[in-house]
Amino acid sequence: MLQIGDVFERGTSTDPESLLAEALREANQCIFERANNEDELAGMGTTAVALVLDGQGEAVVAHVGDSRAYRMRGGQFEQLTADHSVVGELVRRGQLSAEEARHHPQSNEILRALGTREDVDIEITRVDVQPGDRFLMCSD
């Protein structure tokens, strides 16, 4: 079974963005192949979020779907990722408020997932890190 750490141990790159993207692409390929080769797993997919501290005052966040990353700084949580979902897209376009999104009938419909297609669009973001910052990764 593939683990994200396996990609980092192989060390095909020293760039955390490249390593995270490679790890999630490999995970996507594994899930996609199993879903296509085993009838009972047809349509299987999952969301993902991962974070790597680069040791130089930044972190790299990679995500697919509606798994989220948050940073706590000065007692305040800040969402670092934007959901790849129908409702998330409507909020970004200003067509729904955050409160309306919580109760929307399409709130569980995601637009991206690992394993549902041969290729996956991974969102990668760099964020600054300050002493005392805490990070929270959330997935269902």
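**Exercise 1. The nonpolar core**

Which residues of the largest nonpolar core touch the most other members?

Solution. Begin with the basis of the work. The model is predicted, so local features need pLDDT of at least 70 and side-chain atom pairs count only at pLDDT 80 or more, while totals for chains, interfaces and linings use all residues. Residues are numbered from 1 along each chain as its sequence is written, and side-chain values use heavy atoms, with hydrogens and water left out.

Step 1. A nonpolar core is a set of buried Ala, Val, Leu, Ile, Met, Phe, Trp, Tyr and Cys residues joined through side-chain atoms within 4.5 Å. Buried means under 20% relative accessible area, exposed over 50%, and partly exposed in between (1.4 Å probe, protein chains only).

Step 2. Name the residues. The largest nonpolar core has 13 residues, and those that touch the most other members are Leu20, Leu24, Ala62, Val64, Leu114, Val120 and Ile122.

Step 3. Assign the core to elements. Helices (H or I, at least four residues) and strands (E, at least two) are DSSP runs, numbered from the N terminus. At least two residues of this core come from each of α2 (16-37), β1 and β2, and α2 gives the most, with four residues.

**Exercise 2. Strand β2 and its partners**

Determine with which strands β2 pairs, and in which sense.

Solution. Step 1. Two strands pair if DSSP finds at least two bridges between them.

Step 1. Strand β1 (residues 48-53) pairs with β2 in the antiparallel sense over six bridges; here Leu53 has Ala59 of β2 as its bridge partner. Four residues lie between the strands of this hairpin, where Gly55 takes a positive phi near 80°.

Step 2. Strand β5 (residues 123-128) also pairs with β2 in the antiparallel sense, over six bridges. Ala62 has Ile124 of β5 as its bridge partner.

Step 3. Consider the cover of β2 (residues 58-64): six of its seven residues are buried.

**Exercise 3. The aromatic pair**

What is the geometry of the pair formed by Tyr70 and Phe77?

Solution. Step 1. Rings of Phe, Tyr and Trp (its six-membered ring) pair if their centres lie within 6.5 Å; planes under 30 degrees apart count as stacked, over 60 as edge-to-face and the rest as tilted.

Step 1. The count by this rule is one aromatic pair. Tyr70 and Phe77 are edge-to-face, with 6.2 Å centre to centre and 85° between the planes.

Step 2. Tyr70 counts as buried because its relative accessibility is 17%.

**Exercise 4. The position of Pro131**

Is Pro131 buried or exposed?

Solution. Step 1. Locate Pro131 in the loop between β5 and β6 (134-138).

Step 1. Pro131 has a relative accessible area of 84%, and therefore it is exposed.

Step 2. Compare sequence with space: Pro131 and Arg73 are 58 residues apart in sequence and 9.0 Å apart in space, C-alpha to C-alpha.

**Exercise 5. The whole chain**

How many helices and strands has the protein chain?

Solution. Step 1. The protein chain has four helices and six strands. From the N terminus on, these elements run α-α-β-β-β-β-α-α-β-β.

Step 1. The C-alpha trace spans about 50 × 45 × 20 Å along its principal axes.

Step 2. Of the 140 residues of the protein chain, 34% count as buried.
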